[in-house]
Amino acid sequence: MSVLIKNGRVVTAIDDYKADIYIGESQVDVIGKTLVMEADTVIDATDKLVIPGGVDPHTHLEMPFGGTTTSDDFVTGTRAAAFGGTTTLIDFAIQFKGASTLAALDTWHSKAQGKTAIDYGFHMIITDMPESRLHEMRRLSDEGVTSYKMFMAYPGVLLSDDGTIFRTMRKAGEDGTLICMHAENGIVIDELVQIALKKGQIEPKYHAYTRPTRLEAEGVHRALAIAEVAQAPCYIVHLSSYDALEQLRAAQARGVMAHAETCPQYLLLDIGYYEQPGFDAAKYVLTPPLREKWNQDELWRGLRGDALHAISTDHCPFCLREQKEIGRDDFSKIPNGGPGVENRLSLIYHYGVGGGHISINRFVDLTSTAPAKIFGLFPKKGTIAVGSDADIVIFDPNQEETISYYNARTHHMNIDYNAYEGFKVKGMTETVILRGKVIIDRGEYVGQPGNGQFIKRGPYGGMYAGSAGKAAGSEAPAIERKAAGFS
Ligand code: URP
Ligand code: ZN
Ligand code: ZN
């Protein structure tokens, strides 16, 4: 089924022009000023933006965590993502201590296969990595899993010690893959949590007060120092504060291959949300926690100046009733995480571009192109170009909405609140095309579970890899990298 998009304003990370786009099957075939071609479907995009489908590199669907499981599975979470203009997400498979990463990958494939509305990949969460299992990492990258997440937080559950981090980073550097790091000093945080609980400080707000920005900054510094010695790239996930940003900038200035993402919650919500009455503040128990408001301008500056390279959602939804309730009498038991996969593009377009923080090209870069490049998906994903997958969003810059769960349910995420309740946005996804197939048609879902495919990603393709980064699905050999002193 061919598609012709007429009269749109095509915006990529670097371009901005009026053109027609012809999609013969699943890729962009022709881009031209005025195309005179027959097509099965013709979409009039007059006065609309035509942008690459969003790439969200950080979601947690159907993930067991905190004594429960995230409330969106691969059906509901990916459909919600599609409504919001995201056509590819990268979710996290979890290797539990002592178990094989390859078995974990099988488990996550069986959760997702045939169920998704959009394309997807996996990072592998590593909780331990003895020398004897390092060889699994090459197997994973052959399977298209070319990035990992490690944790400096959550001792006893997900935390890896520094030796494990160094060993894994070295191997990732050799293989041309990438370690993503949850950078917070979880050991000290646990001490602070115990002190708070002993004082009877059990309310949700103490989640924030026991996770100071200095301990995030310490984690960022340590992660990037270890990556520097391991001669491996490192991607800091959900960076939330100015203190942490300073450490990122310092490492980048030394030439460390350091990337970082932030998320809408850190740009738009702040520590004041923990003062909501009753147990409502539990909605915002996510990690790292919301910070003092002044950090937001610093994060926008980091996005504008290229210290921060991507905006993900860290979509990790738990319902307020029944799930967050687990921690009603002890904030440390509240499952950590919040929703957002559906609202990312509108929020960042409205508050980022509309708010004068970033250009429209940078908006596309941060929400699609840069994550596609860093995570080995580019140029298959992340841009509109001849030969790229026809993952395209027709975005109406004038359509308005007040985000709500309580007044009018504006979202499709399977969760009983919206973290951005009452936020007004101007700029919304209208139509979404996934590899040439319309899956959202003027706000209506017309796709089905199974439209999405698992995407085998190529090696780390960040800007530091230069020409070594190759498109997903290519036969490119892993980057040859010999760590000085370890050859
Ligand atoms: O609160 C969060 N972010 N939950 C998900 C797990 C993680 O650390 O990303
Ligand atoms: Zn994390
Ligand atoms: Zn996360």
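Pro379 is placed in the loop between H12 and strand E16 (392-402), where helices (H or I, at least four residues) and strands (E, at least two) are DSSP runs numbered from the N terminus. The peptide bond that leads from Phe378 into Pro379 is cis, with omega near 5 degrees. The model is a predicted one, in which local features need pLDDT of at least 70 and side-chain atom pairs count only at pLDDT 80 or more, while totals for chains, interfaces and linings use all residues. Residues are numbered from 1 along each chain as its sequence is written, chains are lettered from A and ligands numbered from 1 in the order in which they are written, and side-chain values use heavy atoms, with hydrogens and water left out.

Pro288 belongs to the loop between helix H9 (264-268) and helix H10 (295-304). Most residues other than glycine have a negative phi, and most peptide bonds are trans. Positive phi values occur at Tyr154, at about 60 degrees, and at Asp314, near 50 degrees. Tyr154 is in the loop between strand E11 (147-151) and helix H4 (162-175), and Asp314 is in the loop between E15 and H11. Tyr154 is buried at 16% relative accessibility, as is Asp314 at 8%; buried means under 20% relative accessible area, exposed over 50%, and partly exposed in between (1.4 Å probe, protein chains only).

The loop between strand E15 (310-311) and helix H11 (344-353) also holds Phe331. Phe331 forms a tilted aromatic pair with Tyr206, at 6.4 Å centre to centre and 50 degrees between the planes. Tyr206 lies in helix H6 (residues 205-209), so the pair ties together parts that are 125 residues apart in sequence. Tyr206 is buried at 16% relative accessibility, and Phe331 is buried at 1%. Across the whole structure, 19 aromatic pairs are found (rings of Phe, Tyr and Trp, the last by its six-membered ring, with centres within 6.5 Å; planes under 30 degrees apart are stacked, over 60 edge-to-face, the rest tilted). Phe74, Tyr120, Phe122 and Phe454 make up one aromatic cluster.

Charges also sit over rings (NZ of Lys or CZ of Arg within 6 Å of the ring centre and within 35 degrees of the ring normal). Lys111 places its charged end over the ring of Trp108, 4.3 Å from the centre, and Lys149 lies over the face of Phe92 at 5.4 Å from the ring centre. Lys149 is also among the residues touched by Met124, including Ala93, Leu140 and Tyr148, when residues up to four places away in sequence are not counted; contact means heavy atoms within 4.5 Å. Met124, in strand E10 (residues 119-125), is buried at 0% relative accessibility.

The axes of H11 and helix H12 (residues 360-374) come within 10 Å and cross at roughly 145 degrees (lines fitted to C-alpha atoms, for helices over the stretch in contact, with angles from 0 to 180 degrees between N-to-C directions). Arg344, Leu345, Ile348, Tyr349 and Val353 of H11 meet Ile360, Phe363 and Thr367 of H12. His357 occupies the loop between H11 and H12 and is buried, with a relative accessible area of 19%. Beyond its neighbours within four places in sequence, His357 contacts Asp297, Trp300, Arg304, Tyr351 and Gly352.
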